[in-house]
Amino acid sequence: MAIKTRTEIRFLLNSETVTLKDVAPDETLLDYLRLRRSLRGSKEGCAEGDCGACTVLVGRLSDGKLVYESVNACIRFMGSLDGLHVVTIEHLGGEGGNLHPVQQAMVDFHGSQCGFCTPGFVMSLYGLWMRSPEPGDAAIEKALQGNLCRCTGYEAIVRAAKAISSYGKAAKDPLAAERSRVAARLQEWRDGSRVEIGIGDARFAIPGNVDDFATILEAAPKATVVAGSTDVGLWVTKHMREISPAIFIGNLDGLQTISEKDGVISIGAGVTYTDAFELLSKRIPAFGPLIDRIGGEQVRNMGTIGGNIANGSPIGDMPPPLIALGATLTLRKGRKRRTIPLEKFFVAYGKQDRLPGEFVEAVHVPVPAKSAKFAIYKITKRRDEDITAALGAFYLTLARNGMVENIRIAYGGMAATPKRATAVERALTGKPWSAATVEAALRAYAADFTPLTDMRASAEYRALAARNLLRRFFVETQGGKAPLQVSRTEAA
Amino acid sequence: MNNHSSIDLKAARIKGGVATDQRHDSAHKHVTGQAVYIDDMPEPAGTLHGCLGLSTVAHGTIREIDVSAVRSAPGVVDVLLASDVPGENDISPTGRHDEPVLADGKVQFYGQPIFCVIAETREAARRATRHAKISYTELPAIIDIGELDPVSSKLVTPPLTLKRGDAKAAIADAPRRLKGQMRVGGQEHFYLEGHIAMAIPGEDQDVTIYCSTQHPSEVQHMVGHALGVPSHAVMVEIRRMGGGFGGKETQGNQFAALAAIAAKKHHRAVKIRPDRDDDMIATGKRHDFLIDYEVGFDDEGRILGVDFMFAARCGFSADLSGPVTDRALFHCDNTYFYPNVLARSAPLYTNTVSNTAFRGFGGPQGMVGAERVIEEVAFAVGKDPLEIRKLNFYGPNGDKNGDRNVTPYHQTVEDNIIHRVIAELEESCDYARRRRTIDAFNANSDIIKRGLALTPVKFGISFTATHYNQAGALVHVYTDGSVHLNHGGTEMGQGLNTKVAQVVAEEFQIDLDQVKITATTTGKVPNTSATAASSGTDLNGMAAQNGARQIKDRLIDFAAKKYQVPHDQIVFLPNRVRVGNQEIAFADLIKQAYMARIQLSAAGFYKTPKIHWNRDKGEGRPFYYFAYGASCSEVSIDTLTGEYVVERTDILHETGRSLNRAIDLGQIEGGFIQGMGWLTTEELWWDDKGRLRTHAPSTYKIPLASDRPKIFNVVLADWPEAHEPTIHRSKAVGEPPFPLGMSVLHALSDAVASVANHKICPRLDAPATPERVLMAVERLKAEARRRA
């Protein structure tokens, strides 16, 4: 199948159309803005997608609709911007001119002190205000999970966020006004062609479609596949690893579908956490609070569930619950596909069941029956935007007589891979679902896990907390009035 | 800020004088991204970039440094080694010669800079750094202070002893006594803008440094020493920092010195901006402490004698560890009167990065020790800790038992308002009722437990090194009546420049936008102190006021003579001056003065009165005054995992007659959250090789917006004017709110204690991570079972 090839990327930067031929696979958007364009309003605070000082908005077409999402420019590669609209702090207001409502609210409510994080906060709040003009505390906090401020204690920023709408209407925003023009432009750019840029050890490709991706990867099995770059970004900024040849797949519609059929939700490998949220949290409610605690908003807007699986991390948050639900994985190489149980994918630390030239195409998640109990518990040092110390996922069905019929328990952070607690499961299966059974089963944890001590938690804590999560799961299945978890949203 | 159209010559009040809520002078620039930080400045053509090469062992001698592959890496121009330092290879801020710019022969912590790559781009410098081959002969490394003996182990600087009465005898004779130990962790500053310096070579020996520093004069001195040139050859400028918090008091010296050395060597501008990881690994943090305490008390819970040992992990060099550990002792009383006290410090040498200043400067660690003692006594006598706190407060002013107001360092507390602060807060936060509600909640909730605590703060204001308590300012009035303001303080977000400009506007009675705030530079105001110790506004506000007054006095003399009116008939009104029966626009009077050849520029100066300190004796008046506050926090903890949330915090904090309540509120809210972070989720973690493994925001967790108390009430107590004649009777507000975060630690402790019916002191160490909370819960449950 012949496919057209381009040798340049094109995108909108604020109001300007940019066409670039000289782009390295590892050039970040932040470096491009600051070094090449002298647009220095976006700051580098950490270069790893955690502090949000570099936050910009990226507009993309999703199901034909133009959506603007906050992203971390520090770990966003230029190659992933083809056909998109980048909006930076310089696009809002200006010296001497009128401030944008977001900016005016931040000024009037004393939302800046040192000011270094401020452009990032303004951009995150701008993104929030566009989709939710009058947000409550929870929405504001969620939108700001990926923005660190060390001066204000956030109170003034939250006050400003609540007041933005009194300064102007989101519908009258300049971006809203030019929405149809931008959408048309982005649509026009979706020509289905492959992009190839660079030579030698500094090259990358953007496949024209999923089949094209399969072809490219099969021909270049050592290529770095980049979806959301929330992990690969750090390979570059922190470890200075070479990623050439890189294949950017963030634009492939064919990987971005999430749908349900016959009680199974299929999630394409390119679906971001943000895009998966609605369906996943509606059909399997335990995913809602979990996804809300993965990274910050910027990371959820970029990061993909497929990437979280494919990178094989022992502390990825999606694999344990997906394993507990009995999810399967479709892998593809060229035209050949195979589907395996997700838990078989994780062979050992740093080793997955993925052949050279093969890629994760989709994950399939059975929706639990109404009678089944399912829960996910993530434990971190800081509640939000923190990497898991330990995460437990529990899936349970009971027989009519109250005996444990089927239980699947999977943990992250407890072993070199996401791992089933098979000994614990055995200790529970076929027994009455009771406190006594649970207490007796706790002894089996030692057979399943020998956790490590690291900066996130000690081995002792991991072992104890992991056991306590089973206790919690049991208590939660029993009902009752007393609160069982600390909660951010309930007022005191 | 010069906007002439806004002047109102009939105004009854100027726009933006003191005691008005002015926005931060750079707020517009912050929100538009137009505020210029050093990395945002346009680089001169040909600018080079530096990257540090760091030690990969914690302690050892360097056998060989092979940087040939670094030199031949793409884009590399030079590799600086210790031997390339033309002057003194030392940046010890206290003159102890224990801190090299680049390690020479030996390394003393994992991450110590050994070489500096200079390359055409920052990226090239970073990549090349990895090609170095350095071999070491490793030596035993001291990482933790747990096994050290505070009396006999190696120290980095002489310890301090504070002594009043006979603590040991008082404890021995007391009806009750107990002892214990507390570990309180350090803290990474996590200023959002990391360290950065850009050096631009000039003619002769000159070099200009743009550096993110709280202490431009010290950078000037250090660069001068490192280059081997006089101070006059070095000019240091800083318009604003993206946060400092003490982390930029001394720690910028290294980057500035290396940038300057490379710039002079290659006759090109050189910029060094370390990556966040290098910044966190190679620069110092808040000191962590092991606090040993023994206390004697009566059956009521009144403390009779207390004996403290404050052992601090200082790292490999002294840096500011002397004054930091001193200040810990100065605050081991917090708001409490100790009839007999012995407090000793142990600034311990370790093979870790040299710890440094951080908001509170050891004071919070001292106060945490005091509050632990209070908590221990409360559990011992079975009372609410708040009762024990109140029982042990310093006596109120004019108390007939006047002897309850002398500190361990023999300064008399003359401005004590803590009784009223606590009474008002206790009332407004509904402490007693909530205490009952929480007890009822806990009785019916097995897994989730609530806790409540109200903790006080008294913070001493002044540098304890008396000579630092001086400041200068430079005020120019231009012929159009606009004012150029410069002073020795630095702006790191705290709103110092806004406040000082308000003072100058007030003095001249001109609108705030007539006062131009300018970058801090050693070329305009020399020999300045660090902007630290909460002193920025107190010192620089006074110096600027003094400068303005000199000019005003000349204007008055001039007008009196010219218009033949007595001096007292010349009054500065808003944007105009009344001279006898006529009013003259300020700008017009300035023009007349200029034509009459009146000097319209002045160098202002201020030194804090009354203070003195004899360190050898441990006696004196180190503090000009104290700032007070209190906070009450309520938390929920999960006894299965140790996770928690802060349900509510109420704060009442004293500001004196606030110069700017909006800015002060920001300092209080931000200080509290930062203090809470220190005591909760911010954990520094070294592995057994001495590697700091929490060196980026992915692993080091400062509070987020969603960690704020769900309900957060902050009230400024501005009813008491400052006891001393401070600038417009305002009080310092930089550091004092930081220890308000202690109420969260104690609320967590209170919640933990509920699992053992409040019979056992949880001895919850800091930071109280979910892990520490859970482990404390387990310990108490086990202890309660054993006792039952």
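1. In chain A, the C-alpha centres of domain 1 and domain 3 lie 30 Å apart. The assignment for chain A gives domain 1 (5-90 + 179-248), domain 2 (101-172) and domain 3 (256-477), with bounds that come from an automatic or database domain assignment. Domain 1 of chain A puts 23 residues into the contact with domain 3 of chain A, and domain 3 puts in 21; contact means heavy atoms within 4.5 Å.

2. This is a predicted model, in which local features need pLDDT of at least 70, side-chain atom pairs count only at pLDDT 80 or more, and totals for chains, interfaces and linings use all residues. Residues are numbered from 1 along each chain as its sequence is written, chains are lettered from A and ligands numbered from 1 in the order in which they are written, and side-chain values use heavy atoms, with hydrogens and water left out.

3. About 1,700 Å² is buried between domain 1 and domain 3 of chain A, and carbon and sulfur atoms give 55% of this. Buried area is the accessible area (1.4 Å probe) that two parts lose on being put together, summed over both.

4. Two salt bridges are counted between domain 1 and domain 3 of chain A, a salt bridge being a side-chain nitrogen of Lys or Arg within 4 Å of a carboxyl oxygen of Asp or Glu. R60(A) forms a salt bridge with D275(A), where the closest N and O atoms are 2.8 Å apart. On the domain 1 side that touches domain 3 in chain A, the elements giving two or more residues are β4 (55-62), β5 (65-72) and α8 (210-219) of chain A. The most comes from α8(A), with six residues. Helices (H or I, at least four residues) and strands (E, at least two) are DSSP runs, numbered from the N terminus.

5. Between the chains, the contact takes 91 residues from chain B and 88 residues from chain A. The buried area there is about 7,300 Å², with 56% from carbon and sulfur atoms. On the chain B side, V31(B), L192(B) and R708(B) lose the most area to chain A, together 10% of what that side buries.

6. Chain B and chain A have 20 salt bridges between them. R273(B) and E44(A) meet in a salt bridge through their side chains (3.0 Å, N to O). Elements giving two or more residues to the chain B side that touches chain A include α1 (27-32), α7 (276-282) and α16 (661-679) of chain B. The largest share of that side, eight residues, comes from α16(B).
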